[in-house]
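This briefing concerns aromatic contacts and domain layout. Please consult the sequence and the model while reading the points below.

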Amino acid sequence: MAGKPYMLEPELEGMPRELLRERQTALLKKTVETCYTKVEMYREKFKEAGITPSDIKTLEDIKKLPFTTKEDLRLRYPLNGLTAVPMEDVVRLHMTSGTTGKSTISPFTANDLQFEYRSFARFFTACGAGKEDVFLSLFGYGLFLGGLVAGPAAELIGMNHIPSGSGNTSTRQLELIHDLHPTIMAGTPSFLLHITEVAKEMGIDVGKLGLQALIEGAEACSEKTREKLRKDWNADVFDAGGTCEILHIWHECSEHTGLHMAEDAVIFEILDPETDEDVPLGVRGELVVTTLMKEAMPLLRWRTRDLTSIVSEEPCPCGRTSRQVDHLTGRADDMVKVKGVVVFPSQIEEIIKSIPEVKDSEFQIVVDRTKMSTDILTIRVEIPEPLSAISETISQKIGTKVKDTLVINARLEPVEPGTLPRFTHKAQRIVDLREI
Ligand code: ZN
């Protein structure tokens, strides 16, 4: 990209940590007060917990606050007693995809939207993108938050934004890339991989298309996938994310040492999902976020169901002072329990990508139960035609690696190339037959 990475809002992104704590404390008290006086759900939760806003005096007092879960929002669908502003102050509604249950609504005020655009724009500047760059967005433009945020954020810093969206075919996307020369492109990892696959079939070398950076987001992505994208496209790959509920609050910088959390706008905790206690540095736990800047629907101790760990508490060479967390692997919602063991699609993906014969193959995880109520884990993998004779060997390799990693048995079901579903948005690779 043309420019050097920089900070869009250095006074906030590079704020000394002592000042950051003061800011967080003041904003936490204000948010708690707003939730208590304006949001019916929180008034009830506070009553149940036997607390009032006056109990929250320091940052540590956050532990006294009740958690907020997806189920809390579902029970009050669409927005019964959830908002802190009158509906006439809401200018947009987004919705989660509902892949893991009933959808929930996220309302935005005009200020919320501006915050969200700046937040995503911070990420662009952290990658080194600027007004000379051309941004092709493959994120969906609709109820899903991604496209309708990344686009305006790109425009905010003067980039040329091409809102291609996920609706166009891969052939059309490749044509746009060829004709309009984007330097930076964003999409879900599954769609980026899909385009790579289509290009290969068409005899196009994507590494020569001139892309300098790829942004992957909206679903868990393994390091192997990032590596593959980096190599195939001959471009830097950045991870960024957030959710509809807490907005885009984490992103990588050009140092690639972890993901910066926007601590000037949120307070985050990483908790042991079993005990709800803070986990030590480097240990994985559930990311729990309290929003400090959201107007329409502030959230206290929102359980993201995403798992991560703190990788650094030191200021980063990029100038940002926020702590960094690891790439968010599987969401707790996307996991499946097999024989009591938690299995994430990203773990199976790592295993498949480590086997050269099938490293680019599509896969599916099928969980079923025998008549004796024993769980069976089957991994369907597309085996390239000439290799079908050696599927037995691949099967053994996958079986051994699954056993080593997850301590359970898995069997391989080889399928013809092109038979498993492709995903243009969020990949859904788990098929659970036990409920049927
Ligand atoms: Zn950094």
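A residue counts as buried when its relative accessible area is under 20%. Phenylalanine 123 has a relative accessible area of 1% and is therefore buried. The model is predicted, and the structure holds seven aromatic pairs.

**Pair between helix H5 and strand S7**

- Phenylalanine 123 and phenylalanine 238 form an edge-to-face aromatic pair, with 6.4 Å from centre to centre and 75 degrees between the planes.
- Phenylalanine 123 belongs to helix H5 (residues 110–127) and phenylalanine 238 to strand S7 (residues 236–243), so this pair ties together parts that are 115 residues apart in sequence.
- Phenylalanine 238 is buried, and its relative accessible area is 1%.

**Other aromatic contacts**

- An edge-to-face aromatic pair is also formed by phenylalanine 139 and phenylalanine 144, whose centres are 6.1 Å apart and whose planes are at 65 degrees.
- Phenylalanine 139 has 5% relative accessibility and counts as buried, because the cut-off is under 20%.
- Phe120, Phe123, Phe124, Phe135 and Phe238 are linked into a cluster by ring pairs.

**Charge over a ring**

- Arginine 303 is placed over the face of phenylalanine 67, at 4.3 Å from the ring centre.

**Domain layout**

- The domain assignment of the protein chain gives domain 1 as 1–333 and domain 2 as 337–432.
- The C-alpha centres of domain 1 and domain 2 are 30 Å apart.

How values were computed
Residues are numbered from 1 along each chain as its sequence is written. This is a predicted model: local features need pLDDT of at least 70, side-chain atom pairs count only at pLDDT 80 or more; totals for chains, interfaces and linings use all residues. Side-chain values use heavy atoms; hydrogens and water are left out. Rings of Phe, Tyr and Trp (its six-membered ring) pair if their centres lie within 6.5 Å; planes under 30 degrees apart count as stacked, over 60 as edge-to-face and the rest as tilted. Helices (H or I, at least four residues) and strands (E, at least two) are DSSP runs, numbered from the N terminus. Buried means under 20% relative accessible area, exposed over 50%, partly exposed in between (1.4 Å probe, protein chains only). A charge sits over a ring if NZ of Lys or CZ of Arg is within 6 Å of the ring centre and within 35 degrees of the ring normal. Domain bounds come from an automatic or database domain assignment.
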